[in-house]
Amino acid sequence: MNNILGIVVSIVFVFLIIGISSLLTKFNLLSNEGSRKFIHVGVSNWWIIAMIFFDNNIYAAIVPALFVIINYISYKKQVFKAMERDGSKNDLGTVYFAISLFILAIITFKNVEFSYIGALGILIMGYGDGFAAIIGGKYGKNKFKVLGNQKSIEGSLAMFVFSFIVSVVILSIFNPANIILLSLLLASVSTILEAYSPYGLDNLTVPLGTSLAYYLLSIFL
């Protein structure tokens with residue numbers, strides 16, 4: 001019963017985030033890019049709902065699978081303009097993020113005790129990349145190019161700091177061993193992956209890469 005309720009709560013939650021973002025954009029309280037990042041950060045918190053309600057990986061993966069389809073339709077048809085970049089059709093980031101949610105749900109909820117490993121990847125991507133874009137866009141004065149994409153030192157620093165904070169919080173709750181060292185390493189991995197992933201691919205590389213990095217590091221540390 002909790003799994004079915006979890007699906008309902010999840011769908012309501014995601015559409016609520018999109019709806020709030022659309023309203024804020026409509027009243028000029030958020031820019032288009034601000035709207036995207038509001039959704040990006042907000043939806044990443046779905047993983048917390050998943051950890052509360054779901055007790056197996058199949059149920060946990062249903063909602064991300066649904067949004068892979070919905071996000072792709074939105075990308076093609078501009079259904080939810082609040083989450084599309086500048087109303088254009090050149091960035092599959094929202095689809096990639098849903099795919100990451102799906103993959104990590106399938107893998108980490110197979111044993112619910114390890115769902116926090118998925119939380120590391122998803123929440124680091126949500127908060128780290130979200131605030132990196134916001135801070136980099138507003139305060140990014142020191143620019144550099146990686147694979148043809150323009151980044152800023154300020155944005156990358158924000159990515160590192162928020163990734164570190166997210167890691168510390170999650171590991172303090174679920175696996176309080178070598179917290180600082182692991183968090184520094186995960187923040188470094190996520191920052192590098194974000195910098196070297198063009199065309200929205202960071203929505204795949206950061207969540208999956210960070211979760212995999214933690215799994216491997218936890219074996220040796």
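Author: The second largest pocket is lined by Ile103, Leu104, Ile107, Thr108, Lys110, Asn111, Phe114, Ile117, Leu208, Ser211, Leu212 and Tyr215. By pocket I mean an open set of points on a 1 Å grid over the protein atoms alone, with protein on both sides within 12 Å along at least five of seven lines. A 1.4 Å probe fits at the points, and lining residues have an atom within 4 Å of a point.

Reader: Before we go on, what kind of model is this?

Author: It is a predicted model: local features need pLDDT of at least 70, side-chain atom pairs count only at pLDDT 80 or more, and totals for chains, interfaces and linings use all residues. Residues are numbered from 1 along each chain as its sequence is written, and side-chain values use heavy atoms, with hydrogens and water left out.

Reader: Fine. How much space lies in the second largest pocket?

Author: About 240 Å³. That volume is the space filled by probe spheres set on the grid points, which are joined across faces, edges and corners.

Reader: Which helices supply at least two residues each of that lining?

Author: α5 (93–108) and α9 (202–220). Helices here are DSSP runs of H or I with at least four residues, strands are runs of E with at least two, and both are numbered from the N terminus.

Reader: How do the lining residues divide into nonpolar, polar and charged?

Author: Eight are nonpolar, three polar and one charged. Ala, Val, Leu, Ile, Met, Phe, Trp, Tyr, Cys and Pro count as nonpolar; Asp, Glu, Lys and Arg as charged; the others, Gly among them, as polar.

Reader: Now the surface. Which residues make the nonpolar patch?

Author: Leu181, Leu185, Leu212, Tyr215, Leu216, Ile219, Phe220 and Leu221 make a patch of about 800 Å². Patch residues have over 30% relative accessible area and no salt bridge, and nonpolar side chains (Val, Leu, Ile, Met, Phe, Trp, Tyr) are joined within 5 Å. The areas come from the Shrake-Rupley method with a 1.4 Å probe; for residues, only the protein chains shown count as cover.

Reader: Where does the largest share of the patch come from?

Author: From α9, with five residues. α8 (179–195) also supplies at least two. Leu185 lies in α8, and with a relative accessible area of 32% it is partly exposed. Buried means under 20%, exposed over 50%, and partly exposed in between, again with a 1.4 Å probe and protein chains only.

Reader: Switching to charges. How many salt bridges are in the whole structure?

Author: Three. The criterion is a side-chain nitrogen of Lys or Arg within 4 Å of a carboxyl oxygen of Asp or Glu.

Reader: Take Arg36 and Glu33. Where do they sit?

Author: Both are in helix α2 (residues 32–44), and because they are three residues apart, about one helical turn separates them. Arg36 is buried at 11% relative accessible area, while Glu33 is partly exposed at 26%.

Reader: What about Asp129 and Lys37, buried or exposed?

Author: Both are buried. They form a salt bridge at 3.0 Å, N to O. This pair links distant parts of the chain: Asp129 is in helix α6 (residues 115–139) and Lys37 in helix α2, 92 residues apart.

Reader: And which residue does Lys151 pair with?

Author: Glu194, with the closest N and O atoms 3.0 Å apart. Lys151 lies in strand β2 (residues 149–152) and Glu194 in helix α8, so the pair ties together parts 43 residues apart in sequence. Lys151 is buried at 16% relative accessibility, and Glu194 is buried at 8%.

Reader: Backbone next. What is the phi of Asn28?

Author: Positive, about 60°, although Asn28 is not a glycine. Most residues other than glycine have a negative phi. Asn28 lies in the loop between α1 and α2 and is exposed, at 71% relative accessibility.

Reader: And where is Tyr199?

Author: In the loop between α8 and α9. Tyr199 has a positive phi near 60° and is exposed, with a relative accessible area of 60%.

Reader: Last one. Where does Lys141 lie?

Author: In the loop between α6 and β1 (143–146). Lys141 is exposed at 67% relative accessible area. Its C-alpha is 9.8 Å from that of Lys151, 10 residues apart along the chain.

How values were computed. Patches are made of residues with over 30% relative accessible area and no salt bridge: like charges are joined within 9 Å, nonpolar side chains (Val, Leu, Ile, Met, Phe, Trp, Tyr) within 5 Å.
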